[in-house]
Amino acid sequence: GPEGCKPLSGLLSGIAQATYYGHAGITEELLRGQLYPEAAPHEFRALLAKMSGVLKSVASADMDLNQLEAFLTAQTKKQGGITADQAAVIAKFWKNHRTKIRESLINQSRWDNTLKNMNWRVDLKSQSRHVDQINTPVAIVEMELGKNGQESEFLCLEFDEAKVNQMLKKLSEIEESITALTQTT
């Protein structure tokens, strides 16, 4: 019933705060004490894990309302899934928080990745669809991207002279922008 909805809405909010909005102080004990004081710790832990999992699936796929409805319906039919009441609360929560969670996910992925290393060499292009491009020099740039403490990804890019110039132009725009901000503060 509706009296079960309020704590669940608070729980989803707590999960979002801890997972997406970077509030480290929100613990399992805190959420249980505030929202489900009558629940046994193992029962609450199971509920928390289930709701975190559902929210994670919804958020990582950035579901639109049709996808959300299909996903939640499937979850209600699953053995040990969620109830229709819970599904309604989750749907309402996602409608209200989708934009904010999405922005936070984009920011997390954007800022956690750093450029760890960059290697390059210049080759003469020996094969090309266009005859006039054969023997033109191209730069092969390998960037090592990674989050701290995780395995790196390698990105390999090919630049001809025009592309290198384009990159330099962009980088100098970035530099100007940063310099302008550094001087105003």
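A polar contact is a pair of N or O atoms within 3.5 Å, where within protein one atom must be able to donate a hydrogen and the other to accept it, and where residues adjacent in sequence count only if both atoms are side-chain atoms. The model used in these exercises is predicted, so local features need pLDDT of at least 70 and side-chain atom pairs count only at pLDDT 80 or more, while totals for chains, interfaces and linings use all residues. Residues are numbered from 1 along each chain as its sequence is written, and side-chain values use heavy atoms, with hydrogens and water left out.

**Exercise 1**

Find where Asp 62 lies, and state which residues Asp 62 touches.

*Solution.* Begin with the place: Asp 62 is in the loop between α3 (41-60) and α4 (65-77), where helices are DSSP runs of H or I with at least four residues, numbered from the N terminus. Next, consider accessibility: Asp 62 has a relative accessible area of 16%, so this residue is buried (buried means under 20% relative accessible area, exposed over 50%, and partly exposed in between, with a 1.4 Å probe and protein chains only). Then list the contacts (heavy atoms within 4.5 Å): leaving aside residues up to four places away in sequence, Asp 62 touches Gln 67, Trp 94, Arg 98 and Arg 102. Finally, look at the side chains of Asp 62 and Arg 98, which are joined by a polar contact of 3.0 Å.

**Exercise 2**

*Solution.* A salt bridge is a side-chain nitrogen of Lys or Arg within 4 Å of a carboxyl oxygen of Asp or Glu, and the structure holds six of them. To conclude, salt bridges that share partners join Asp 62, Arg 98 and Arg 102 into one network.

**Exercise 3**

Determine how the buried residues of α4 are arranged around the helix.

*Solution.* First note that α4 has 13 residues. The buried residues in this helix are Leu 68, Phe 71, Leu 72 and Gln 75. Seen down the axis of α4, they fall within an arc of 95°, so they line one face of the helix (the arc is that of the directions from the helix axis to the C-beta atoms). This can be understood from a general rule: an α-helix has 3.6 residues a turn, so residues three or four places apart point the same way. On the other side of α4, Asn 66, Glu 69, Ala 70 and Lys 77 are exposed.

Definitions and conventions. Helix = DSSP H or I, 4+ residues; strand = E, 2+ residues; numbered from the N terminus. Expected span 1.5 Å × (residues − 1).
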